[in-house]
Amino acid sequence: MQGVYLLGLLLGALAVLAGSGLGALLAGRRSERLAAALGAGGAMAACAGGLVAAVVSLVLRLDPTAAWPWSMPYGAFRLGLDPLSSFFLIPLFLLSGLAAVYAVGYFQPWAGRRPGRFWLYYNLLVAGMALVVTARNGVLFLVAWEVMSLASFFLVVFDEGDSEAREAGWTYLVATHIGTAFLMALFLLLGRDAGSQDFAAYAAPEGWAGGLFLLALIGFGTKAGLFPLHVWLPEAHPAAPSPVSAVMSGVMIKTGLYGIVRMLVILEKVPGWCAWAVLGAGAVSGLFGVLFALAQHDLKRLLAYHSVENIGIIALGLGLGMLGLHHGVPAVAALGFSGALLHVLNHALFKGLLFLGAGSVAHATGTRNIERLGGLLKRMPWTGAVFLAGAVAICALPPFNGFAREFLIYVGAYQTILGSGGLAAGGLTVLVALALIGGLAVACFTKAFGIVFLGEPRSPEAAGAHEGDAAMRWPMVILAALCLGVGLTAGTVVGVLEPAV
């Protein structure tokens, strides 16, 4: 019965998101201030309710499902809130709610900025992501996936006068629909024999598990930003408004990782080469992501490439876990999956923080070019302090949360050294890739923080910078505190993740 109430709370949150977004659009014709209040208030309230439902469901290890008949073919409108979905909803609602608070200050004053349209797209993006991770029917999943993709596209091109944003938006739209084509093929093949698109009826035809997982890896990997499917990510994330960049990088790309993990659950057993495919994609994404980041002069583009890097680290953990399952070593599997899922949460916290920090810098100076900045720590001490916390966290340095996720993956990789053959080779691959990625990340963020916040201003824009208002500061402070808190209580957090693992 508790699970039914939690599903009801989640559905209520989705209804509030859709209703407040539509209300903001209609109110914007008369009062931009009222539109902003409706949209932002609805987003904050819905995210708070959804977060409660997700946390309670995960802690109590519930698995409620509900279904309603609808006119669409191949099954019912079916939702579920198992531990895996509940876990992914936690960073989704947490970061989306804080980014909504930040957006209130970021867009002030709202005059001429069409707040009704912004909040309609923003709230639909959050609702679409939540439906993606709770859908238990392929048709519903693809509908939610399309809502999420289109809403994020309109947010990327929100500034109609920015030609860079328009080009980035179309690149993203093309890439995401190429990925969707692979997902449609995947779902059609999974439901072919059963004649239903309900996840419970899915079954891989004999000998097809590996090929189906490859379709999933390409389709979901495009959204996640795995190299070389990442082409849209370094274009779209910098072009979007900063609160949107934070949500897209911290949460939206994780729906691709959710899809890969959900396919592991649905397919149950995949060939060993699938683990190597994930490991290879993770190693290449991590290394190329951090190398490209080192060469950037645009602060948000630098952070976007670090999203490719961190998705690679998560893929390394998933691949290690898959190798552990394939070779029958539960300890390696548990450590790999635990490190990967913990990093899903950690990346949402520190990457959301870093994008909000970069947004504050751009908001105060009017530029994202790090060569034109400098000396901002004296002028923007709050932003400088929290950006430093995010930089330490993303570099996996203690005592912040990034250290715990890499520690788990490192321990799992060292466990494989005691094995032989493919298992030991996989562990060695993870160790070498993580060591290189970690060292390069430290170099990159030492450069970024030093050039942006230390020294003296190198332009009039930097000399005239000022701190943002409270609505922009406090979400960043909360995220920085959470990065430290998760790092100091990592053992407890990993215990809470156990049902999802």
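**Close-up 1. K378 and its salt bridge with E456.** In this predicted model, K378 counts as exposed, because its relative accessibility of 63% is over the 50% cut-off. The side chain of K378 meets that of E456 in a salt bridge, with 3.5 Å from N to O. This pair links distant parts of the chain: K378 belongs to helix 14 (residues 376-379), while E456 sits in the loop between helix 17 (421-453) and helix 18 (460-463), and the two are 78 residues apart.

**Close-up 2. The salt bridge between D82 and R262.** The closest N and O atoms of D82 and R262 are 3.0 Å apart. The pair joins distant parts of the chain, 180 residues apart, with D82 in the loop between strand 2 and helix 3 (83-106) and R262 in helix 10 (residues 254-267). D82 counts as buried at 12% relative accessibility. R262 is buried as well, with a relative accessible area of 7%. Together with R136, D82 and R262 are linked in a network of salt bridges.

**Close-up 3. The salt bridge between D198 and R78.** The structure holds 7 salt bridges. In one of them, the side chains of D198 and R78 meet at 3.3 Å, N to O. The two residues are 120 apart and connect distant parts of the chain: R78 lies in strand 2 (residues 77-80), and D198 in the loop between helix 6 and helix 7. D198 is buried, at a relative accessible area of 11%, whereas R78 is partly exposed, at 27%. Side chains of opposite charge can pair when their charged atoms come close.

**Close-up 4. The packing of helix 6 and helix 7.** Helix 6 (residues 163-190) packs against helix 7 (residues 209-224) at an angle of about 155°, and their axes are 8 Å apart. An angle over 145 degrees counts as roughly antiparallel, so this description applies to helix 6 and helix 7. Their crossing is left-handed.

**Close-up 5. Helix 9, a buried helix.** Among the buried residues are S242, P243, V247, M248, G250 and M252.

**Close-up 6. A nonpolar patch on the surface.** The patch is formed by L9, V52, V55, V56, V59, L60 and V496, which together have about 500 Å² of accessible area. Helix 2 (residues 32-59) gives the most to the patch, with 4 residues. V52 is found in helix 2 and is partly exposed, with a relative accessible area of 46%.

Key:
Residues are numbered from 1 along each chain as its sequence is written. This is a predicted model: local features need pLDDT of at least 70, side-chain atom pairs count only at pLDDT 80 or more; totals for chains, interfaces and linings use all residues. Side-chain values use heavy atoms; hydrogens and water are left out. Patches are made of residues with over 30% relative accessible area and no salt bridge: like charges are joined within 9 Å, nonpolar side chains (Val, Leu, Ile, Met, Phe, Trp, Tyr) within 5 Å. Accessible areas come from the Shrake-Rupley method with a 1.4 Å probe; for residues, only the protein chains shown count as cover. A salt bridge is a side-chain nitrogen of Lys or Arg within 4 Å of a carboxyl oxygen of Asp or Glu. Buried means under 20% relative accessible area, exposed over 50%, partly exposed in between (1.4 Å probe, protein chains only). Axes are lines fitted to C-alpha atoms, for helices over the stretch in contact, and angles run from 0 to 180 degrees between N-to-C directions. Angles under 35 degrees count as roughly parallel, over 145 as roughly antiparallel, 65 to 115 as roughly perpendicular and the rest as oblique. A crossing is left-handed if the near helix is turned anticlockwise from the far one by less than a right angle, and right-handed if clockwise.
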